[in-house]
Amino acid sequence: MTFVWPDLLWLLALLPALVVLYLWLLLRRKKLTLRYASLSLVKQALGKGPGWRRHVPPLLLLLALATLLLATARPLAVVTLPSQQETIILAMDVSGSMRATDVHPSRIVAAQEAAKAFVKDLPRTVRVGIVSFAGTAAVVQPPTQSREDIFAAIDRFQLQRATAIGSGIVLSLATLFPDAGIDLSQITGQRSMPPAPGDKPRKEFTPVPPGSYASGAIILLTDGQRTTGPDPLDAAKMAADRGVKVYTVGIGTKDGEIIGFEGWSMRVRLDEDTLKSISNLTRAEYFYAGTATDLKKVYQSLSTRLVVEKKETEISGLFAAAAALLVVVAAGLSVAWFGRVL
């Protein structure tokens, strides 16, 4: 635990002085009692006396004061909290190499099943969008809370040629921020049209710290390396400037494999370095899945990360609440034992 204002912790040094003051008051009270009555008459009048109970309420008040002083220093602690994720975009590679069977029964089928299991475990309040990419990228399913629509979209994947990882990231960003005016010309191949006279001027974009956007995230799965489209690292920089985390998942062969598709063949290799760079740039994580079982575990791990998150949070309120509870208990015991508040 750390503190925003640690200098205020010096106020705790006053507590021993309060203890000394309390002991002095007890001693002074005892002397005053002995001054006006003999010891035998005092003992007879008071009976057995409250004993140790008389010290409990003041002790609780002292603890309450110490807790309040800690609260004023604004303590910070890493706590597990429900995630604020509202929208998750699954960017899935549908290039021809995904038909390879080194991941049983095939890479694409394993990816589809793992993605559907991942979506099923998410809270119903989280919207999920699906973007597929091969030679270009397409929104297969806009963000929705309907799990049935998401599952149907995942089942509709059609394998195509080439791999445009950067296009998948850029289109995922545009899907996450539909009103941000993100330039999709690198994906569509068309030039951006100038704004019409009646259009509202676009707001000037201001970068934010990487990983700071808490309302959405992108999960990118691919088994190859970029063959077309914008540079994936440029696309990752776009995501980082918007604070969006891009979790990357690599599936298939690291060393390379000859894949046949529609009468042609090519050697494909998982570009782990690029995927790691994408996740590092956006303050996310990279995962490798060599088997269908590994892929399911990856998505289970991602589900946990996106449902709950550990973050440094100020817990002054908890300390203040604990101090208030101690005061209430001290007052309650004092009334129950002595018929008065302290």
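First, some ground rules. This is a predicted model, where local features need pLDDT of at least 70, side-chain atom pairs count only at pLDDT 80 or more, and totals for chains, interfaces and linings use all residues. Residues are numbered from 1 along each chain as its sequence is written, and side-chain values use heavy atoms, with hydrogens and water left out.

Now the overview. The chain has 11 helices and 11 strands. Helices here are DSSP runs of H or I with at least four residues, strands are runs of E with at least two, and both are numbered from the N terminus. Of the 342 residues in the chain, 39% are buried. Buried means under 20% relative accessible area, exposed means over 50%, and partly exposed is in between, with a 1.4 Å probe and protein chains only. A contact means heavy atoms within 4.5 Å. Take the contacts in the chain with a separation of 6 or more: 80% of them are between residues 24 or more positions apart.

Let us zoom in on β4, residues 127–133. Why is this strand described as largely enclosed by the rest of the structure? Because 6 of its 7 residues are buried. On one pairing, β4 runs parallel to β3, residues 87–93, with 7 bridges. There, I88 stands opposite V128 of β4. To get from β3 to β4, the chain passes through helix α4, residues 107–121, in a right-handed β-α-β crossover. Right-handed means this: with the strands pointing away from the viewer, the path from the first strand over the helix to the second runs clockwise.

β4 also pairs with β5, residues 137–144, through 5 bridges, and these two run antiparallel. The link is a hairpin through 3 residues.

Further along the sheet, 6 bridges join β6, residues 216–222, to β7, residues 245–251, and the two are parallel. T222 has G250 of β7 as its bridge partner. Axes are lines fitted to C-alpha atoms, for helices over the stretch in contact, and angles run from 0 to 180 degrees between N-to-C directions.

Next, a helix pair. The axes of α4 and α5, residues 147–155, come within 10 Å and cross at roughly 170°. The two helices are therefore roughly antiparallel. The cut-offs: under 35 degrees is roughly parallel, over 145 roughly antiparallel, 65 to 115 roughly perpendicular, and the rest oblique. Who makes the contact? From α4, Q112, A115, K116, V119 and K120; from α5, R147, I150, F151, I154 and D155. By class, that is 5 nonpolar, 1 polar and 4 charged residues. Nonpolar covers Ala, Val, Leu, Ile, Met, Phe, Trp, Tyr, Cys and Pro; charged covers Asp, Glu, Lys and Arg; the others, Gly among them, are polar.

S132 sits in β4. S132 is buried, at 9% relative accessibility. Its bridge partner in β5 is A138. Beyond four places in sequence, S132 contacts M92, V94, A137, A138, V140 and F157.

E86 lies in the loop between β2, residues 75–82, and β3. E86 is partly exposed, at 48%. T125 is 39 residues away from E86 in sequence, but 7.1 Å away in space, C-alpha to C-alpha. Not counting residues up to four places away, E86 touches T125, V126, R127 and S215.

Finally, D271. Buried or exposed? D271 is buried, at 14% relative accessible area. D271 is in the loop between β9, residues 264–268, and α9. Leaving aside neighbours within four places, D271 contacts G224 and Q225.

How values were computed. Pairing = 2+ DSSP bridges.
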